[in-house]
Amino acid sequence: MDDRQFRNAMGKFATGVNVITTEVDGDIHGMTANAFMSVSLDPKLVVISIGENASMLEKVRKSKKYAINILSQNQKELSMIFAGQIKEDRNVSFESLADLPVIKGANTQISCEVVNEHVEGDHTLFIGKVIDLKLQECSDPLLFYKGKYTSLDETEEAVM
Ligand code: FAD
């Protein structure tokens with residue numbers, strides 16, 4: 001099995017798109033991520049997975065906290081900014097949730113404290129205890145499928 005085949009197989013799992021945010025010494029850093037899962041209801045735990053080459057890795061290790069911003073379908077550009085797919089510097093406005101920077105207009109914002117970390121292969125899993133969250137009631141999510149951005153509207157059109 002080669003890397004391409006593995007990536008193609010994983011890409012068949014449709015996901016939402018998040019931007020992970022954190023703050024170290026007053027500097028806010030964000031990174032696009034779809035490796036995210038709810039882990040436990042009691043206590044309320046989630047997990048994210050960060051690659052060994054991402055600058056976000058050391059930042060989360062230092063701050064010991066992160067926020068998950070589940071993007072709305074109209075926030076594809078933000079995903080591209082925080083994935084380095086748009087190269088020019090852009091001014092992004094943040095607000096605050098439980099002392100963490102979060103993205104305005106995100107479908108859902110979830111603030112977490114790191115309670116555990118596991119290095120697994122070339123990624124590190126950060127278990128986060130949810131300390132606060134905020135939901136937007138009426139926005140559809142941005143989706144990622146087979147290596148491309150999509151939305152519920154586009155998938156509905158494709159079925160019709
Ligand atoms: P950098 O490359 O330094 O930053 C990324 C970009 O964010 C830069 O362009 C930077 O200018 C911008 N940025 C950062 N902070 C700010 C700020 N405060 N204001 C404005 N712009 C800012 N990688 C994983 O490790 N795990 C995943 O689960 C994952 N899922 C992904 C899902 C999708 C759909 C995509 C497209 C990519 C995913 N990636 C994932 C890859 C990851 O997003 C990129 O490799 C990313 O560039 C790594 O970010 P970095 O922390 O190294 O930061």
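**View 1. Surroundings of Ile20 in the predicted model.** Ile20 touches His29, Gly30, Met31, Ala33, Ile48, Met56, Tyr66, Ala67 and Ile68, leaving aside residues up to four places away in sequence; contact means heavy atoms within 4.5 Å. The model is predicted, so local features need pLDDT of at least 70 and side-chain atom pairs count only at pLDDT 80 or more, while totals for chains, interfaces and linings use all residues. Residues are numbered from 1 along each chain as its sequence is written, and side-chain values use heavy atoms, with hydrogens and water left out.

**View 2. Two nonpolar cores.** A nonpolar core is a set of buried Ala, Val, Leu, Ile, Met, Phe, Trp, Tyr and Cys residues joined through side-chain atoms within 4.5 Å. Buried means under 20% relative accessible area, exposed means over 50%, and partly exposed lies in between (1.4 Å probe, protein chains only). The largest nonpolar core has 15 residues, and those with the most contacts inside it are Ile20, Ile48, Ile50, Tyr66, Ile68, Cys112 and Phe126. Two or more residues of this core come from each of strand S3 (27-33), strand S5 (45-51), helix H2 (56-63), S6, S9 and strand S10 (123-135). Helices (H or I, at least four residues) and strands (E, at least two) are DSSP runs, numbered from the N terminus. A second, separate core has 11 residues, including Val17, Val19, Val92 and Tyr149.

View 3. Two strands pair if DSSP finds at least two bridges between them. Strand S2 (residues 18-24) and strand S6 (residues 65-70) run antiparallel and are joined by 4 bridges. Ile20 has Ile68 in S6 as its bridge partner. S6 is also joined to strand S9 (residues 108-120), by 6 bridges and again antiparallel. Here the bridge partner of Tyr66 is Cys112 in S9. In a regular strand the side chains alternate between the two faces of the sheet.

**View 4. An open sheet of 3 strands.** The strand order is S1-S11-S12, with antiparallel pairing. Strand S1 (15-16) and strand S12 (148-151) are the edge strands, each pairing on one side only. Strand S11 (residues 142-145) pairs with S12 over 4 bridges in the antiparallel sense. Within this pair, Leu143 stands opposite Thr150 in S12.

**View 5. Salt bridges.** Side chains of opposite charge can pair when their charged atoms come close. A salt bridge is a side-chain nitrogen of Lys or Arg within 4 Å of a carboxyl oxygen of Asp or Glu, and the structure holds 5 of them. One joins the side chains of Arg61 and Glu58 (3.0 Å, N to O). Because Arg61 and Glu58 are 3 residues apart in helix H2, about one helical turn separates them. Arg61 is partly exposed, with a relative accessible area of 25%, and Glu58 is partly exposed at 44%. Glu58, Arg61 and Glu117 are linked in a network of salt bridges. Another salt bridge joins the side chains of Glu88 and Arg90 (3.0 Å, N to O); Arg90 is partly exposed, at 36% relative accessibility.

**View 6. The salt bridge of Glu95 and Lys134.** The side chains of Glu95 and Lys134 meet at 3.8 Å, N to O. Glu95 lies in strand S7 (residues 94-97) and Lys134 in strand S10, so the pair ties together parts that are 39 residues apart in sequence. Glu95 has a relative accessible area of 25% and is partly exposed; Lys134 is also partly exposed, at 42%.

**View 7. The loops that hold Gln73 and Asp140.** Gln73 lies in the loop between S6 and helix H3 (76-82), and Asp140 is in the loop between S10 and S11. Gln73 is partly exposed, with a relative accessible area of 29%, and Asp140 is partly exposed at 35%. Leaving aside residues up to four places away in sequence, Gln73 touches Asp140, Pro141, Leu142, Ser151, Leu152 and Asp153. Gln73 and Leu152 are 79 residues apart in sequence and 8.3 Å apart in space, C-alpha to C-alpha. With the same exclusion, Asp140 touches Ser72, Gln73, Asn107, Leu152 and Asp153.
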